[in-house]
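Please have a look at it first.

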Amino acid sequence: MEFNLIITGVGGQGGLTLSRIVGNAAMHEGYNVRIGETLGMSQRYGSVLSYLRFGEEVYSPLIEEGKANLMLALEPAEALRNARFLGKNSTAVINAYPIHTATTLVGKEKYPELEEIKEAIGKICPVYMMDFQCEADRINPRTLGVLMLGYAYGKGLVPLKKESLYEGVRLTLREKLWEINFRALERGIELAKG
């Protein structure tokens, strides 16, 4: 078994932390894990891309174009920017909550419409798109990634046990953050089922 996950977003959304949660969950199940990251200005809304691969025999963190099993896009335009990693066997879970950059805010660039993004990605692979940020805000805004992970798990897109995802949270985050992240994981699973 080999699983390739792309996590994309902008700095401050928790994409790097999410990759560590999933990586720790996979190691808990005994898989080899490789994580690679490409950072823009990750502290202030620059592009952030994490490659996470796990399986019995995984040696490189890099994912070939078209070979991601799953994309968790914390920001919709970043899904479009990294669509090259998607193929016919991929699935994209996209947060429909745009974060505008300085260039879009001053009108130098046009931010694509959410429907345009969904349609473009949908030509490549199945897409689940909703405002996950709104749901996360009801728990804690910083739980966005874990909520989306729960959603993907609930849709059967993450080949790990739920208890391993809980353990990934425990191994990655401080204890005072466990409960809100467990709630976010469960809320994501509920959304996937509903």
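Predicted model: local features only at pLDDT ≥ 70, side-chain atom pairs only at ≥ 80, totals over all residues.

Tyr 31 sits in the loop between helix H1 (15-28) and strand E2 (32-39), while Phe 54 belongs to strand E3 (residues 47-55), so the pair ties together parts that are 23 residues apart in sequence. Together with Phe 3, Tyr 31 and Phe 54 are linked by ring pairs into a cluster.

A second pair is made by Tyr 128 and Tyr 151, and because their planes meet at 70°, with ring centres 5.9 Å apart, this one is edge-to-face. Are its two members buried or exposed? Tyr 128 counts as partly exposed, because its relative accessibility is 28%, whereas Tyr 151, at 7%, counts as buried. In the whole structure, the search finds six aromatic pairs.

Stepping back, the protein has eight helices and six strands, and along the sequence they follow the pattern β-α-β-β-β-α-β-α-α-β-α-α-α-α. For 194 residues, a compact globule would have a radius of gyration near 16 Å, and the protein, with 16 Å, agrees with that. Buried residues make up 51% of the 194. Finally, there are 23 positive and 23 negative side chains, and the centres of these two sets lie 2 Å apart.

Conventions
Residues numbered from 1 in each chain as written. Heavy atoms only, no water. Helix = DSSP H or I, 4+ residues; strand = E, 2+ residues; numbered from the N terminus. Rg over C-alpha atoms; globule rule 2.2 N^0.38 Å. Buried < 20%, exposed > 50% of the residue type's maximum accessible area, 1.4 Å probe, protein only. Lys, Arg positive; Asp, Glu negative; His and termini not counted. Charge placed at Lys NZ, Arg CZ, Asp CG, Glu CD. Phe/Tyr/Trp six-rings, centres within 6.5 Å; stacked < 30°, edge-to-face > 60°.
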